[in-house]
Amino acid sequence: MTLDYQVDDRVNHGLKDSGRAESMSNIIRVKSAKPKEKTLSMSNQGTDCFLELLLLSAADVDMTPNQKELIGFLKERREINQNAPGTASFDIRQMPWNKETLKEDVQFLMKIVGNAGKPEVYGRLDYRPDIRIVTPWLRQFGEMIYGLDKDYIYGTEEVEIVKGGLASIYTVLHGNDTGAKRRLLYYLDRYLDPYYENDLSNLYEPLKEMLQDVVIREKEDDVREEALHLLEAYTDAPYDIFEENINAVTGPFLSEVKYLIKTGEPERIELNGTLMQKVEEAIRLILTEVSQEEVDRFREVYEAANVRLLPSAISFFKEYGGAFRDSYIELNEPKHNNDVFLDCYGIPYIRYTGTNPKGKLQEQVRELGWAANSIEDVKKFAGQDVCPIAEIGYYFQPDVYIGEDGTLYCVYEFQEEI
């Protein structure tokens with residue numbers, strides 16, 4: 001998704017008047033290994049507000065030396081924008097990232113970005129920003145930073161390892177250097193991409209076996225997650241090692257491994273009746289029992305995101321959470337989106353993107369944190385306490401909230417109605 005807001009009354013409302021012309025905009029980009037790069041375009045006043053919020057969010061946070069350099073980079077960009085509007089554009093890869101601390105630094109900045117849109121941060125500004133405009137910018141920036149954790153940081157060492165063949169890859173994946181494993185898997189994410197037309201004839205099957213072994217035996221969850229991502233994105237069934245060792249797969253990876261084992265064309269069921277009748281019947285068909293492990297996971301996500309979990313949300317999850325696991329509803333009516341995804345915070349869900357499922361605790365915490373930014377607005381509308389419960393939709397999924405009495409409220413990011 002590319003956000004490109006033009007300068008108009010909506011953008012400038014509530015943003016500090018710099019007294020300068022808004023004839024130029026600033027662009028934040030991250031050039032992907034894929035053909036399409038991601039960009040975020042903001043007016044000069046918007047850029048000033050955006051960066052000031054990030055700096056305020058980081059003001060009272062303990063930081064490592066490298067994290068201080070990252071915040072210093074953003075401070076420098078703001079000063080450049082103030083002195084020479086329209087010249088503060090940058091590529092996220094220019095930021096002073098450290099490969100050895102990348103995971104920790106990405107998590108740090110994600111927290112800074114997530115908090116920047118909260119009242120306790122923007123309330124410290126000496127003007128009132130239009131948070132409805134700024135929030136999508138923060139979300140897009142967070143998504144671009146999160147991508148660094150998988151797609152952009154590796155070096156010539158990883159290139160040479162792959163050139164060295166299966167023995168070199170095996171040595172790293174079975175070694176003790178977690179950072180080296182992570183960097184190699186990041187590079188393999190690029191190398192295996194069909195866009196680059198690399199010859200995988202001698203690599204495909206042995207690497208598929210190695211990656212299954214990593215998911216089973218590796219102790220670091222982020223390494224397991226990346227290995228599983230490569231299997232989901234670039235390989236096909238059968239997965240013999242998973243089948244033979246299914247009892248050794250632990251934690252939130254079990255549901256995704258089971259999905260891979262049964263990979264194939266999804267069962268399609270044609271439904272009749274009105275749209276509402278079709279949706280109700282579809283939910284009835286895909287509803288499966290929620291395990292206690294999944295309930296515990298549900299609670300864990302809210303605790304990690306520091307979001308209060310209502311008893312009504314727990315009841316809803318126990319009753320309907322199974323409908324969010326590994327199914328989706330496809331609507332054929334032209335006036336509706338082709339697909340409707342159901343994502344419930346906390347369940348080790350399978351989110352369909354084409355045919356590739358993916359689901360991670362970190363992503364769930366991040367999405368829940370974004371939804372929590374609107375709790376006060378929904379609470380005011382509902383006249384009761386609420387908490388986020390799920391997302392529903394395709395592109396730009398609306399957030400769904402549940403009240404203390406079980407009433408559901410839907411908030412679409414780019415509309416004011418609830």
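Trainee: Which residue forms a salt bridge with Lys-379, with the closest N and O atoms 3.7 Å apart?

Mentor: That is Asp-385. Salt bridges that share partners join Arg-308, Glu-376, Lys-379 and Asp-385 into one network. Keep in mind that this is a predicted model.

Trainee: What is the general idea behind such pairs?

Mentor: Side chains of opposite charge can pair when their charged atoms come close. Here, Glu-376 also bridges to Lys-379, with 3.5 Å between the closest N and O atoms. Both residues belong to helix 18, three residues apart, about one turn of the helix.

Trainee: Where does Arg-308 come in, and which residue is its partner?

Mentor: Arg-308 pairs with Asp-385, their closest N and O atoms being 2.1 Å apart. This pair links distant parts of the chain: Arg-308 sits in the loop between helix 15 and helix 16, Asp-385 in the loop between helix 18 and strand 9, 77 residues apart.

Trainee: Is Asp-385 buried or exposed?

Mentor: Buried means under 20% relative accessible area. Asp-385 has 15%, so Asp-385 is buried. Arg-308, at 56%, counts as exposed, and Lys-379, at 28%, is partly exposed.

Trainee: How many salt bridges does a search of the whole structure find?

Mentor: The search finds 13.

How values were computed
Residues are numbered from 1 along each chain as its sequence is written. This is a predicted model: local features need pLDDT of at least 70, side-chain atom pairs count only at pLDDT 80 or more; totals for chains, interfaces and linings use all residues. Side-chain values use heavy atoms; hydrogens and water are left out. A salt bridge is a side-chain nitrogen of Lys or Arg within 4 Å of a carboxyl oxygen of Asp or Glu. Helices (H or I, at least four residues) and strands (E, at least two) are DSSP runs, numbered from the N terminus. Buried means under 20% relative accessible area, exposed over 50%, partly exposed in between (1.4 Å probe, protein chains only).
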